[in-house]
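Student: I am new to this structure. Please show it to me, and then let me ask about its parts.

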Amino acid sequence: MTDFEKHGFWKITTGNSPLVAAAIHDGHEVRKEVAEILALTSAERRREEDPFTGRWTTVAATRITGRRSRFEVDLNRPRQKAVYIEPEDAWGLHVWREKPSPEIIARSLVGYDAFYARVRSVLTDLVKRFGCFVVFDLHSYNHRRGGASAPPADAAGNPEVNIGTGTVVNTRWRPLIDRFIDDLRNYDFLGRRLDVRENIKFQGGQFSRWIHESFPDSGCSLAIEFKKFFMDEWSGKPDDIQVDAIRRALQYTIPGVLGEIQQLHAS
């Protein structure tokens with residue numbers, strides 16, 4: 001365990017499987033020097049984070065959960081954009097009461113670098129043991145940006161589940177991606193089927209891109225974005241029945257994913 005893990009920057013649990021589940025935007029905490037200059041309230045920050053995604057990581061033996069807020073450092077952005085500075089970096093929000101100093105930014109980026117170094121070690125070990133691996137890169141997104149009483153965003157451009165595969169460069173993963181999408185679509189989700197589509201709202205962020213660049217032949221990351229239909233994005237209150245149903249839906253896809261991994265490794 002690294003010092004950053006001991007101090008709650010992230011939590012990683014390793015297990016005996018080529019499947020990894022990551023919730024890198026689940027975190028909410030910020031260190032003291034960051035909190036002192038933030039303009040956003042806790043509720044405002046939480047609205048743009050991905051609460052409850054950490055619960056879904058339990059579907060995998062190897063789990064990666066971010067513990068720090070993306071408003072301290074965003075692990076799903078390129079390094080040079082990982083600390084939000086201007087409103088356009090953060091959905092138009094004025095993040096800071098005063099601009100963070102170069103020293104504060106540098107200390108945030110030390111954590112960013114340590115995270116990626118630690119994850120590289122974990123994934124390298126999985127390649128040595130299993131030949132390849134798959135990451136469920138779990139996120140959520142807002143669809144009522146007009147306010148608590150505003151109508152939801154148009155469903156045509158906002159699927160309940162967006163599977164981002166725009167950073168996948170190796171075509172060998174296509175059968176696995178198709179199997180995952182088909183299984184998730186076919187799951188009986190509380191008596192109905194989920195609206196699951198590929199690359200409609202998001203194509204995948206830096207975490208998935210980095211995985212594909214670092215492990216082009218041995219790693220596949222599925223950037224899985226759930227629309228916040230499972231919670232009130234303004235109050236932060238979850239619908240626990242739907243939160244747990246999402247976890248079960250992800251669990252349902254795992255036999256197919258593992259079967260595709262076995263075929264890839266055999267070939």
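Student: How many of the residues of strand E3 are buried?

Tutor: First, the ground rules: this is a predicted model, where local features need pLDDT of at least 70, side-chain atom pairs count only at pLDDT 80 or more, and totals for chains, interfaces and linings use all residues. Residues are numbered from 1 along each chain as its sequence is written, and side-chain values use heavy atoms, with hydrogens and water left out. Strands (E, at least two residues) and helices (H or I, at least four) are DSSP runs numbered from the N terminus, and buried means under 20% relative accessible area, exposed over 50%, partly exposed in between (1.4 Å probe, protein chains only). E3 covers residues 62-66 and is mostly covered, so its buried count, out of five, is four.

Student: Does E1 run parallel or antiparallel to E3?

Tutor: Strands pair if DSSP finds at least two bridges between them. E1, residues 10-13, is joined to E3 by four bridges. One partner pair is Thr-13 with Arg-63 of E3. The sense of E1 and E3 is antiparallel.

Student: Which are the edge strands of the open sheet?

Tutor: Seven strands form this open sheet, with mixed pairing, in the order E1-E3-E2-E4-E7-E5-E6. An edge strand here pairs on one side only. The two are E1 and E6 (196-198).

Student: What is the average twist from one strand to the next?

Tutor: Axes are lines fitted to C-alpha atoms, for helices over the stretch in contact, and angles run from 0 to 180 degrees between N-to-C directions. From one strand to the next, the twist averages 20 degrees.

Student: How much space lies in the largest pocket?

Tutor: On a 1 Å grid over the protein atoms alone, a pocket is an open set of points with protein on both sides within 12 Å along at least five of seven lines, and lining residues have an atom within 4 Å of a point. Grid points are joined across faces, edges and corners, and the volume is the space filled by probe spheres set on the points. For the largest pocket, that comes to about 400 Å³.

Student: Which element gives the most to the lining of the largest pocket?

Tutor: The lining has 29 residues; among those nearest the centre are Arg-70 and Glu-225. H3 (42-48), E4 (133-141), E5 (161-164) and E7 (219-227) each supply at least two lining residues. With four residues, the top contributor is E4.

Student: Where does Trp-91 lie?

Tutor: Trp-91 has a positive phi, near 55 degrees, though it is not glycine. At 35% relative accessibility, Trp-91 is partly exposed. Its place is the loop between E3 and H5 (102-130).

Student: And where does Asn-199 lie?

Tutor: Asn-199 also has a positive phi, of about 60 degrees, without being a glycine. Asn-199 is partly exposed, at 26%. Its place is the loop between E6 and H7 (206-214).

Terms used: 1 Å grid on protein atoms, 1.4 Å probe; cavity = no way out; pocket = protein on both sides within 12 Å on 5 of 7 lines; lining within 4 Å.
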